[in-house]
There are 2 protein chains.
Amino acid sequence: MAIIIKKFGGTSLSDLDHIKNAALRVKEAVEAGSRPVVVVSAMGGVTGQLLGNLKHRNLGADPAESDVVLSAGEQVSAGTFALALKGMGLKARSFMGWQVPIITSDKAGEAQIREIPPEALKKSIKYGEIPVIAGFQGVTEAGRITTLGRGGSDITAVALAAALKAERCDIYTDVPGIYTTDPNLVSTAYKLDTISYQEVLELAAVGARVMHSRAVAMALRFGVTIQVLTSYENRPGTLIVKEKDLTERRIISGIACSDNEAKISIIGIRDEPGAVAAIFKPLAEAGISVDMIVQDVSKDGGLADVTFTVDKDLLDRTLKLIKGSREKTGFKDLISDRNVIKLTVVGLGMAGQAGVAQTMFTALGEKGINIQAISATDIKISVLVQEKHQKEALKSLHAAYGLDKR
Amino acid sequence: MAIIIKKFGGTSLSDLDHIKNAALRVKEAVEAGSRPVVVVSAMGGVTGQLLGNLKHRNLGADPAESDVVLSAGEQVSAGTFALALKGMGLKARSFMGWQVPIITSDKAGEAQIREIPPEALKKSIKYGEIPVIAGFQGVTEAGRITTLGRGGSDITAVALAAALKAERCDIYTDVPGIYTTDPNLVSTAYKLDTISYQEVLELAAVGARVMHSRAVAMALRFGVTIQVLTSYENRPGTLIVKEKDLTERRIISGIACSDNEAKISIIGIRDEPGAVAAIFKPLAEAGISVDMIVQDVSKDGGLADVTFTVDKDLLDRTLKLIKGSREKTGFKDLISDRNVIKLTVVGLGMAGQAGVAQTMFTALGEKGINIQAISATDIKISVLVQEKHQKEALKSLHAAYGLDKR
């Protein structure tokens, strides 16, 4: 019988009713003839509470001990989930990271999984039990508790799928799957049956709340098929697969919208070698990533303007750093704008296709939406536009790429 | 340097301010030249919350998985306590039961400690760290998490004191030590400097909130010196020691008062062999302990009355069982009274001494307090009186046994 990993996130475990509902999904899998292996996050809010308490009291200074505290959240949900399964008459058993064991590096707070010896879980499965594994946590060779950092439970799930040669890794969340775009903004948006790893990676990179990119990258590396689906009802979600396994050929698979951008324009920089580099140097040193850089000839003769974006919450710090280097760089003016959004179209089908960008520019142009900056890879194009155009821009792009007529 | 175990209960860890205060006690011990090893309970209320959640949702049916959930409480406090110590500039490291390891039997929910290999803790101490051990929890030979049942963290502390050959085991609580009687009821009550294991066991048996008797019995067996003291300030508490190490010779060491008793009188039982036994049989079968049994000749000729006590919360069940057997036992009447208390005087010094009981009866008699039942061992006498006499009875006994003039 095929092993299927079933990972439930915090929103699927936010209280005991949600947990019972999630357990029902596992029971259905058993009845359908598969062998589920469950991975759980902390119950919604619990990790945040634990972390908040520590931070609030300035107690979070030691990552190793913070990990001990934080991992208790997944311990509670694993035990509770096993109890819920047993309450439904199923055999189940919880496993903490150290019990599997999920061996990690010793970098507390963001440990990397090194190895998962599959023997203990296989024995449990053979014994007819449903193993319920506490996600997000592992153990070092020396026996210390670690946590895996952001997206940690997704990573646990994918790594277990690889270690147990699972048929599939189901990632349960509070939405039915991956959509062509946000259905709250575009009524014709629909759930994709399949999408490729690369597309999901691009979508995750621009902030689409799908799956953490570390977990998707790991799934790609180990060839783990992922299904993103809701825990609230029993129906198929979206499969993340290799390009050859896509069920539909599309130019564009998804359109994402990020409101976490802020635009900065530096006006009147000397147009000479090294001038722009001198502006970005202090930002790089401060670990601030810049995106969507556009350089223009300034209206002032012999000078240049540079426009770029940073994360919204880094805007103030970035402006301060740029102002601090003004004496050296000698620019004339500095303008910033928080009211911008980044629209990104993603699709394997656009690689090597002419006209994909043109479709985008035409669609937005027809609506009178001005494009403030552009960046692109071979399978995605991002544009920066005014925030007020969000809904209209998404709608027109969704139609222009033929996603309306499914 | 001498190892001293320092165990902090839930009231000493109820929030992060309390934890920092407890950590201060540990720092003082380091500064005084000893090597503290910390044992922590769950933060006040946490275990109850976890358990309550499970019970409330009918999820507590599997003790092994309940143990996984419950033990997370001590995991959080151990990590948090280690962080607090580190925040004070001390080296510290948390240990879960499985990391020590504290090997137990596999009886989930009430596991017995089998063995504590001391190597890991000794290494940590040698390395200059303060080990902070999650109390109440252990691990089976097969690697499953267990909990030790009521008084579990005290048991962890005493067992560690034995395993590490500690000089002393400090049990921190919210009172300054063990008192001659409840200072809230008798203003002349004072904190004892020393008391014997046997006396503490008797006091624990009658519900004095001192320490769990399982932990005291273990301390007696392994010769572990215990100090009961407050975590709120830095001053000595009460030492629990062997008889030969008592610093003071007293007839009576303490007077306890339990309001958890209910009195039952069965009136008019046939005064013949086996009649009384027939009444107690269904209670024994139901696992209900009876105490303070008194048999009287009934005012009705040829019949007997029997009076005894049970735990207050078992009264209704007990009455039902007795009524259920009325056809067989054929008693005339059944009377119960919840408004009673049990006063117990405890003292090694009373063994073999004449007049100790007489002092008690005289003192209560002079105040017009009627004694409804009596029970005794060689080092304690308990009497049952009306609840309304509580304060007056305690005061008069405290004076009568010379405890007022310290």
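**Close-up views of a predicted model**

View 1. B:K165 sits in the loop between α5 (152-163) and β9 (168-173) of chain B. This model is predicted, and here it gives B:K165 a positive phi of about 50°, although the residue is not a glycine. Most residues other than glycine have a negative phi. Is B:K165 buried or exposed? B:K165 is exposed, because 11 other C-beta atoms lie within 10 Å and the cut-off for exposed is 12 or fewer.

View 2. Look for B:F136 in the loop between β6 (130-134) and β7 (137-139) of chain B. B:F136 is not a glycine, yet its phi is positive, at about 75°. B:F136 has 27 C-beta neighbours inside 10 Å, so it counts as buried; the cut-off for that is 20 or more.

**View 3. Cis peptide bonds in chains A and B.** In chain A, the bond joining A:V100 and A:P101 is cis, with omega about -10°. A:P101 belongs to the loop between β3 and β4 (103-104) of chain A. Turn to chain B, and the peptide bond from B:V100 to B:P101 is cis, with omega near -15°. B:P101 lies in the loop between β3 (92-95) and β4 (103-104) of chain B. Most peptide bonds are trans.

**View 4. An open sheet in chain A.** Eight strands line up in the order β3-β6-β2-β1-β9-β11-β12-β10 (chain A), and their pairing is mixed. β3 (92-95) and β10 of chain A are the edge strands, each with a single partner, so one side of each has no neighbour in the sheet. On average, neighbouring strands of this sheet are turned by 25° against each other, direction ignored.

**View 5. Where two domains of chain A touch.** Chain A is assigned domain 1 (3-174 + 193-247) and domain 2 (248-406). Their C-alpha centres lie 35 Å apart. In this view, 14 residues of domain 1 of chain A are in contact with 15 residues of domain 2 of chain A. On the domain 1 side, β10 (194-196) and α6 (197-205) of chain A are the elements giving two or more residues; α6(A) gives the most, with four residues.

Key. Residues are numbered from 1 along each chain as its sequence is written. Chains are lettered from A and ligands numbered from 1 in the order in which they are written. This is a predicted model: local features need pLDDT of at least 70, side-chain atom pairs count only at pLDDT 80 or more; totals for chains, interfaces and linings use all residues. Domain bounds come from an automatic or database domain assignment. Two residues are in contact if their C-beta atoms, placed from the backbone, lie within 7 Å. Two strands pair if DSSP finds at least two bridges between them. Axes are lines fitted to C-alpha atoms, for helices over the stretch in contact, and angles run from 0 to 180 degrees between N-to-C directions.
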